[in-house]
Structures are given as structure tokens and as C-alpha cells.
Amino acid sequence: MNFKPLNVCITGGAGFIGANFVRHWLAKTREGRVIVFDALTYAGNVQNLAGLERDPRYVFVRGDICDEAAVRSLLEQHQIDTVVHFAAESHVDRSILGPDDFIRTNVVGTHSLLKAAKTSWLDRKTVPAHRFHHVSTDEVYGSLGPDDAPFHEASPYAPNSPYSASKAGSDHLVRAYHETYGLDTSVTNCSNNYGPYQFPEKLIPLTLINILLGKPLPVYGDGLQVRDWLHVADHCEAISLALARGKSGDLYNIGGNSETTNIHIVRTLCALVDEYLAGRADLKAAFPASSAARGTHAAQLIEHVRDRPGHDRRYAIDYRKARRELGYEPTRDLAAGLRATLEWYLSNRAWWDALLGRDYAAWVEKNYTRSQPLR
Ligand code: NAD
Ligand code: DAU
């Protein structure tokens, strides 16, 4: 990139990775502003950004990325020169139950942002230089067999869920705006993230919370599906590096070097929580239904349930291009990262209690029967 980002718009900045990135960026830079643009869907939460309102460089604007006029006026009002685009519907299970929102936000919404960026940056020339960074996923590449080589940047797109198909569509639109109009763009395709502020519908926080509450731990099918886990802080660093060093029009795969089966992750979390709570009378009192408090083993809560339709068997990421061209390397070991994540969820019970009591519980009730996988 031939300029230093100054005023950065972070779409989806009230979600899991977006909020981590907002904190990361404000801590890393000294100049310019961070303008969070977020519709606050079920997954967006202003609590993820709590404390930042005291920072004069931080601005929060509630809005929908599908509203092109609102985005255009935001870009111009704040002299935004960089968009880091996280806003999306992100949960595969929800995309299977209701794909429409995924097409609207991920495809139409990304296109609306690109149109606004083109009008402001290329047609009206509101800033001297710009970058549109699109945050995407390894799921666009489809599924690997056990002995297949990991996905690399030239792997063909073969999305299998409405979620991954909508992300693939958005990636293609970003590419088209670069090739056709000359928009300065970059894309990162990242593997499974975990860490603070992750909404408790995703495997790791759902498992941790269910262990603490003594609830069943749903494992889809045989649990031998493989994901490559990455701590969210490493993902944030990778995006910063892509902004600083990524070539316009290019894409970079970001992985964690931590390929693991789902059942291994769930069993590891069971052992971790049992061990962590064992000598802690205070935590056992706070979580009386947990296996540690009841003298049982968390692994007894595991239930193999009906598999996710179209479930991708294995993802693995070859991130050598990001290492070579960006200087990216994941730094957090999975075992240490999971332990730190457990500590974060233990220290932030009010955060997830509020979510479980909110529309999430009602949504689960409405959309899933007991014969279906989520609880
Ligand atoms: P999330 O579901 O936690 O957050 C999404 C955010 O987008 C929420 O704050 C939500 O309010 C906002 N949003 C949704 N629709 C919007 C709209 N129409 N207008 C404005 N804001 C809207 O998602 P996440 O897990 O933080 O993922 C962020 C991005 O990273 C997504 O694009 C996702 O595809 C990608 N990604 C996620 C992972 C992962 O493991 N979670 C891995 C790779 C890539
Ligand atoms: O690979 C990157 C993707 O990772 C992101 O693009 C998505 O936004 C993000 O949601 C995530 O998708 P997954 O479907 O891999 O994440 P999830 O946490 O939903 O599931 C991880 C694995 O665990 C997956 O194989 C399904 C399985 N699973 C999940 C849940 C919620 C279970 O076995 N039981 C569960 O209860």
C-alpha cells in the first residue's frame, strides 16, 4: 500500500472479530479515526466496544451496509480512506435455516459498499489514496479430503453452504471492482477464529458455556471434521499486515497451523474446564451445575447429534504467501489460546449471561427442535 491509512471505517465492528480489530487498531495507531459502522444485528453488541467511547478517535455509527447512500455520506463526512469490511451474517447453521439474510448482507451489502467506495473514491476523488480490505473465509474453497494439500490462493472456489457461497460471491465482487474500475482492494481468507467476544453460537464458546452450565455438548455427526483454529488476535495482526504490505488486487490466506478435529477440541475443553475448576471453590460455587462442582466429568455431557447438512469435512490453510509477502506468522499456541479464552469467559460472565437471556435463547427456541443439532 502506498499510503498510511488515516480514517478507517470498520464495518461489523460490533461483532466478534470486528470488535477485536477495533481495539487492536486503536492500540496500534496514533493518528486518524476509527469509524465503526454496524447494524447491530443479533450478533452485534455495543458491549464488545465498551470503554472505547472515552477515546476521541473512536466513532460509532449504527447503519446497514445495504444502505448505499448512508455509506457514501459516511465516507465523505469522515474523509474515510480505508474500509475494513467485516460486516456479514457469519453462522453456517443459520445460513442453512434461512439463506436470505446471507445473500442480502454478504452479497448485496458488500456490493453496496463497493458502489459507495467507487463513487466517493474514484468518481468524486474525496481522498488522495484509498484501500478497501475485505475479510473473507477459507470456507469459499469447499472441503478437503484427509490427504489433500491445504488450500492455497489459487485453489478453485467450491463453496458448499449458503454462507460460504455468499462469501464467495462477495469475494468475486471485490475482485471485479478492482479489475474493472481500479478500486484499490485486498482480501484475506482466514480459518476458524476463537477468543474474546465470540458469540456463543459458535463451537468453542458454546462448548465452554455449556460445560459451565452442565448442559449437553452437541457434536455434529462423528466429530471428525477438521478445522484450522486461529486466535482472533493473530487474525487482527494479519489484517493489519495486509493493509500495510498487501498488494492491491491481491488475496492472502491466513491460517493458524492448528488443524484439529471437532471432537478433539470439545474433549480438550472438557478436560481444561474440569482441571481449571478443580481447585477453585469460588468457581464451583459460581457454576454449581458444572461437572467439577458435581464431581463428574464434563466429557459425559458430549452428545453426538445429527450432522450439519453439506458439512465440510476438512479445512486446512497454506499461508506461505502471507508469511512471505506480509511477514505474517500465527503466534498463539492453541492450548494456551484455549486456556486464555476460558479465563476470558469466566471473567466476563455478565457479557454472555446477557446474550443467553436475550433474543438468542428465543431464536434457538423458535428455530430448533430437540431433534436438530443446536441447543
Ligand atoms: P459476527 O457474526 O460476530 O459479527 C458480524 C457483525 O456484522 C455484527 O456486529 C453485525 O451486527 C454486523 N452486521 C451484520 N449485518 C450487517 C449489515 N447489514 N450492516 C452492518 N453491519 C452488519 O461475525 P465474525 O465472526 O466477527 O466475522 C466477521 C467477518 O469475518 C465476517 O465477514 C466473516 O465472514 C469473516 N470470518 C469469520 C471467521 C470466524 O471464524 N468467525 C473466520 C474467517 C472469516
Ligand atoms: O472457517 C472459517 C469459518 O469458521 C467462518 O467463515 C465462519 O464465519 C465461522 O462461523 C466458522 O464456521 P464453522 O462452521 O467452521 O464454525 P462453527 O463454530 O459453527 O463450527 C465449527 C465446527 O464445529 C464445524 O465443523 C461444526 C461443528 N459444530 C459446531 C457447533 C456450533 C459442532 O459439532 N457442534 C456445534 O454445536
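What share of the 375 residues of the protein chain counts as buried? In this predicted model, the buried fraction is 57%. The protein chain exposes about 15200 Å². Carbon and sulfur atoms supply 52% of that area.

The secondary structure of the chain consists of 14 helices and 12 strands. The radius of gyration is 20 Å, close to the 21 Å given by the globule rule for 375 residues, so the chain is as compact as a globular protein of that length. Along the principal axes, the C-alpha atoms fill a box of roughly 65 × 50 × 40 Å.

Contacts in the chain were examined for residues at least 6 apart in sequence. Of these contacts, 83% join residues at least 24 apart.

Charged side chains number 42 positive and 43 negative. The centres of the two sets lie 3 Å apart.

Thr119 belongs to helix H4, which spans residues 100-123. Its relative accessibility is 18%. Buried means under 20%, so Thr119 counts as buried. With residues up to four places away in sequence left out, Thr119 touches Arg72 and Arg124.

Notes
Residues numbered from 1 in each chain as written. Chains lettered and ligands numbered in written order. Predicted model: local features only at pLDDT ≥ 70, side-chain atom pairs only at ≥ 80, totals over all residues. Heavy atoms only, no water. Helix = DSSP H or I, 4+ residues; strand = E, 2+ residues; numbered from the N terminus. Rg over C-alpha atoms; globule rule 2.2 N^0.38 Å. Buried < 20%, exposed > 50% of the residue type's maximum accessible area, 1.4 Å probe, protein only. Contact = heavy atoms within 4.5 Å. Areas by Shrake-Rupley, 256 points an atom, 1.4 Å probe, with all protein chains shown as cover. Lys, Arg positive; Asp, Glu negative; His and termini not counted. Charge placed at Lys NZ, Arg CZ, Asp CG, Glu CD.
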